[in-house]
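Please work through each task before reading its solution.

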Amino acid sequence: MAQTKNRWLILVACVLINLGLGAGYAWSVFQGPLMEQFGWTTAQASLAFSISFAMVPIAMIIFGPRQDKEGPRKITFAGGLMFGIGMILTGFTKNLIMLYITYGLILGFGIGMAYGCTTATTVKWFPDKKGLAGGLTAAGFGSGAVLLAPLAVALIDKFGVLMAFRFMGAGLLALICLCSLVISAPEIVGGTEEGDLTGQMKPKEMMKTTAFKLLWVIYIFGCLGGLMIIGHAANIVDKYLGYGREVATLTVSLLALANTGGRIVWGSVSDKVGRYKTVMAMFIVSGIGLLLLIMKSLGMVSIGGILLIALCFGGFLGIYPGITAENFGSKFNGSNYGVMFTAYGLAAIFGPRMAAVLTEARGGDYSLAFTVSIILSVVGVVLMFFYMKNAKKLAAAK
């Protein structure tokens with residue numbers, strides 16, 4: 001059982017750190033102005049977002065073992081520096097290569113360093129409330145865009161998109177680095193915790209199990225549709241649904257709010273009804289949201305589809321740290337969840353990219369991309385049902 005001293009203060013600090021990192025989810029409000037200023041296509045500009053979030057699991061894997069051994073404080077501080085510096089340097093962008101390096105590689109790596117620490121730390125401090133703690137921490141990440149998207153738009157309108165990056169980068173660097181000084185990790189005493197299926201596995205042991213492989217694939221499917229929507233939300237509302245920039249900006253903020261709420265709501269639900277049943281429910285609700293987007297003749301109801309997808313995407317981010325800890329133990333969850341989170345990285349590459357390529361090929365029509373995501377949601381339900389019925393057997397299989 002983990003120690004409980006000061007755990008709520010640490011949780012608050014982790015939520016604030018993730019709120020700052022959540023600026024990454026406001027990308028779609030930067031993308032349009034960048035395209036206008038430099039003449040880039042959607043596929044070219046959106047690749048920066050894909051690279052950024054693909055870097056997150058890489059950083060988590062690299063620094064996960066260090067935080068498991070040394071604690072999260074130094075790594076979170078360094079991650080805050082990289083995140084802030086990456087965003088500031090993006091404000092000096094002159095070409096796509098520089099954008100991919102500053103916003104993609106540097107900023108994304110900083111997110112992974114800090115997010116990996118906060119996520120693993122809160123699950124360790126709250127072994128009795130893994131879903132809620134993971135959901136609240138992930139909610140900080142999702143809620144960043146709720147506050148930062150309107151702020152970014154205001155800065156872009158007044159100073160231009162490049163100056164907006166510089167101002168936000170400096171402020172968020174200070175926030176993350178200061179909050180990192182508060183956090184620490186508890187000791188995990190004993191071989192297993194209640195709910196753990198296989199004891200305390202290290203990443204190499206975990207990766208050999210059939211359980212990990214199946215959960216990893218399910219995680220990819222769970223993130224794909226959500227990342228596709230997040231990366232293109234403003235353009236979907238503005239161009240595909242035809243509601244203009246103001247409604248698009250409002251939708252980005254509402255999307256972030258739904259993303260945030262989903263992490264808390266689904267995390268709490270999973271503590272009560274079980275994480276596997278909750279995952280299946282999220283796939284179903286997300287599929288309904290995608291169907292509403294295809295039926296754009298429904299008007300504003302289609303925007304509701306975006307919010308349903310974001311709600312469920314947030315749930316996957318909130319639940320999966322607990323799923324990983326319950327299946328493979330909490331002691332090495334910093335390392336283990338980093339490996340599991342590579343599913344998110346792949347989804348970050350293929351989700352927005354798939355939508356961009358299919359949409360450009362169809363003259364701005366997103367319906368084929370939505371259809372593909374619906375099919376993956378159905379497959380996700382089937383795979384999760386199979387896992388739920390065979391969890392203990394799969395945990396031992398290789």
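**Exercise 1. Determine the volume of the largest cavity and describe its lining.**

Solution. Step 1: the largest cavity has a volume of about 90 Å³. A cavity is a set of points, on a 1 Å grid over the protein atoms alone, where a 1.4 Å probe fits but cannot get out, and lining residues have an atom within 4 Å of a point. Grid points are joined across faces, edges and corners, and the volume is the space filled by probe spheres set on the points.

Step 1: the lining comprises 15 residues, and those nearest the centre of the cavity are Phe221, Gly222, Gly225, Ser286 and Ser377. Two or more lining residues come from each of helix H9 (210–240), helix H11 (275–294), helix H12 (300–328) and helix H15 (367–389). Helices here are DSSP runs (H or I, at least four residues), numbered from the N terminus. H9 contributes the most, with five residues.

Step 2: sorted by class, this lining holds nine nonpolar, six polar and no charged residues. In this scheme Ala, Val, Leu, Ile, Met, Phe, Trp, Tyr, Cys and Pro count as nonpolar, Asp, Glu, Lys and Arg as charged, and the others, Gly among them, as polar.

The model is predicted: local features need pLDDT of at least 70, side-chain atom pairs count only at pLDDT 80 or more, and totals for chains, interfaces and linings use all residues. Residues are numbered from 1 along each chain as its sequence is written, and side-chain values use heavy atoms, with hydrogens and water left out.

**Exercise 2. Characterise the largest pocket by volume, lining and residue class.**

Solution. Step 1: about 420 Å³ of space lies in this pocket. A pocket is an open set of grid points with protein on both sides within 12 Å along at least five of seven lines.

Step 1: 19 residues line the pocket, with Gly32, Pro33, Glu36, Ala234 and Asp238 nearest its centre. Helix H2 (27–38), H9 and helix H10 (244–273) each give two or more residues to the lining.

Step 2: the lining has seven nonpolar, eight polar and four charged residues.

**Exercise 3. Which members of the largest nonpolar core touch the most other members?**

Solution. Step 1: a nonpolar core is a set of buried Ala, Val, Leu, Ile, Met, Phe, Trp, Tyr and Cys residues joined through side-chain atoms within 4.5 Å. Of the 124 residues in the largest one, Phe30, Tyr219 and Leu317 touch the most other members. H9 supplies the largest share of this core, 19 residues.

Step 1: apart from residues up to four places away in sequence, the contacts of leucine 317 include Tyr115, Tyr219, Arg263 and Phe341.

**Exercise 4. Where is threonine 93 placed, and is this residue buried or exposed?**

Solution. Step 1: threonine 93 lies in the loop between helix H4 (73–90) and helix H5 (96–125). Threonine 93 is buried, since its relative accessible area is 3%.

Step 1: its side chain reaches the backbone oxygen of threonine 90 at 2.6 Å. Neighbours within four places in sequence aside, threonine 93 is in contact with Phe38, Trp40, Met98, Leu99, Thr102 and Leu162.

**Exercise 5. Which residues does glycine 80 touch, not counting residues up to four places away in sequence?**

Solution. Step 1: glycine 80 is situated in helix H4 and counts as buried at 0% relative accessibility.

Step 1: the residues touched are Leu173, Ile176 and Cys177.

Notes:
Buried means under 20% relative accessible area, exposed over 50%, partly exposed in between (1.4 Å probe, protein chains only). A polar contact is a pair of N or O atoms within 3.5 Å; within protein, one must be able to donate a hydrogen and the other to accept it, and residues adjacent in sequence count only if both atoms are side-chain atoms. Contact means heavy atoms within 4.5 Å.
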